[in-house]
Amino acid sequence: EGLSVGSTQTVTWTTTGTVGEDVTISYSTDSGKNFTTIISSTTNDGSYNWTVPNVVSDNCLIRVTDTSNALISDISDNYFSIGGDPEISLNRSQLNFGYLVGTRTPETQTILLSNNGSGSLNWTAGSDVGWIGLNPAGGSGDAVISVTIDPTGLAAGTHTGTITFNSSNAVNSPQTVTVSLSVKHASQDQAPFGSFEIPENGVTGVS
């Protein structure tokens with residue numbers, strides 16, 4: 001989970017057994033090595049609204065401690081990030097496919113997606129045409145997206161589609177990849193032609 005600096009987040013907890021009337025809430029940006037106090041004492045009612053501080057880290061934790069007994073404490077199970085902005089990075093901006101009617105469908109191609117910024121990158125992907133398939137079509141963080149083509153029913157000619165990648169918090173969302181598909185009938189397919197010659201051994205001055 002990625003938290004924006006200055007946003008208000010609700011820290012929640014539950015207690016069982018004998019726990020004091022008040023708790024201390026703190027956070028860590030270094031995987032739990034050190035903690036900074038959010039509030040030294042607040043009512044143990046299971047909820048506290050926290051204004052996220054101006055820090056940048058991907059290894060943050062929250063700790064809730066019994067104010068009257070520091071041995072009674074618990075830390076959030078997973079890391080979260082604060083600050084920074086994720087950025088969608090794609091290794092391709094164009095994909096080209098070819099299909100000869102009656103033969104096997106084009107081979108799968110891939111797009112590499114990565115986070116070129118900081119913080120958590122949650123993304124989704126979709127196409128504006130039905131003949132483009134994507135797997136996966138969403139996720140969190142880096143991914144390899146397989147792009148498949150289903151040319152069934154497409155007429156001969158060149159077809160184009162667009163894959164769009166969206167993220168609610170990336171600074172450069174959305175990002176797109178253009179897909180081009182050339183469909184031909186067997187009668188349009190031609191074998192290569194021409195010739196290639198090289199000079200004999202020892203011949204110089206030939207261009």
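Both Trp123 and Phe165 are buried, where buried means under 20% relative accessible area, exposed over 50% and partly exposed in between (1.4 Å probe, protein chains only). The structure is a predicted model, in which local features need pLDDT of at least 70 and side-chain atom pairs count only at pLDDT 80 or more, while totals for chains, interfaces and linings use all residues. Residues are numbered from 1 along each chain as its sequence is written, and side-chain values use heavy atoms, with hydrogens and water left out.

**Overall architecture**

- The chain contains 17 strands and zero helices; helices (H or I, at least four residues) and strands (E, at least two) are DSSP runs, numbered from the N terminus.
- The chain is more spread out than a compact globule, because its radius of gyration is 28 Å, well over the 17 Å that the globule rule gives for 207 residues. The radius is taken over C-alpha atoms, and the rule is 2.2 Å times the number of residues to the power 0.38.
- The C-alpha trace spans about 90 × 50 × 25 Å along its principal axes.
- Of the 207 residues in the chain, 30% are buried.
- Among contacts (heavy atoms within 4.5 Å) with a separation of 6 or more, 63% are between residues 24 or more positions apart.
- The accessible surface of the chain is about 12,500 Å², and carbon and sulfur atoms account for 45% of this area. Accessible areas come from the Shrake-Rupley method with a 1.4 Å probe; for residues, only the protein chains shown count as cover.

**Aromatic pairs and a charge over a ring**

- Three aromatic pairs are found in a search of the whole structure. Rings of Phe, Tyr and Trp (its six-membered ring) pair if their centres lie within 6.5 Å; planes under 30 degrees apart count as stacked, over 60 as edge-to-face and the rest as tilted.
- One of these pairs joins Trp50 and Phe80 edge-to-face, at 6.5 Å centre to centre and 80 degrees between the planes.
- Trp50 belongs to strand E5 (residues 47-51) and Phe80 to strand E8 (residues 80-82), so this pair ties together parts that are 30 residues apart in sequence.
- Trp50 is buried at 5% relative accessibility, and Phe80 is likewise buried, at 11%.
- The pair of Trp123 and Phe165 is tilted, because the ring centres are 6.2 Å apart and the planes stand at 55 degrees.
- Trp123 is in strand E12 (residues 122-127) and Phe165 in strand E16 (residues 157-166), so the pair ties together parts that are 42 residues apart in sequence.
- Tyr27, Trp50 and Phe80 are linked into a cluster by ring pairs.
- Arg63 places its charged end over the ring of Phe35, 4.1 Å from the ring centre; the criterion is NZ of Lys or CZ of Arg within 6 Å of the ring centre and within 35 degrees of the ring normal.

**Strand E13**

- In a regular strand the side chains alternate between the two faces of the sheet.
- Strand E13 (residues 132-135) has Ile132 and Leu134 on a covered face, and Gly133 and Asn135 on an uncovered one.
- E13 runs antiparallel to strand E15 (residues 143-149), to which four bridges join it; two strands pair if DSSP finds at least two bridges between them.
- Gly133 stands opposite Thr148 of E15.

**Backbone features in loops**

- The peptide bond from Asn135 to Pro136 is cis, with omega near 0 degrees, and Pro136 lies in the loop between E13 and strand E14 (138-140).
- Ser173 and Pro174 are also joined by a cis peptide bond, with omega about 0 degrees; Pro174 is in the loop between E16 and strand E17 (175-184).
- Ser31, a residue other than glycine, has a positive phi near 65 degrees.
- Ser31 is found in the loop between strand E3 (22-28) and strand E4 (36-43), and is partly exposed, with a relative accessible area of 29%.
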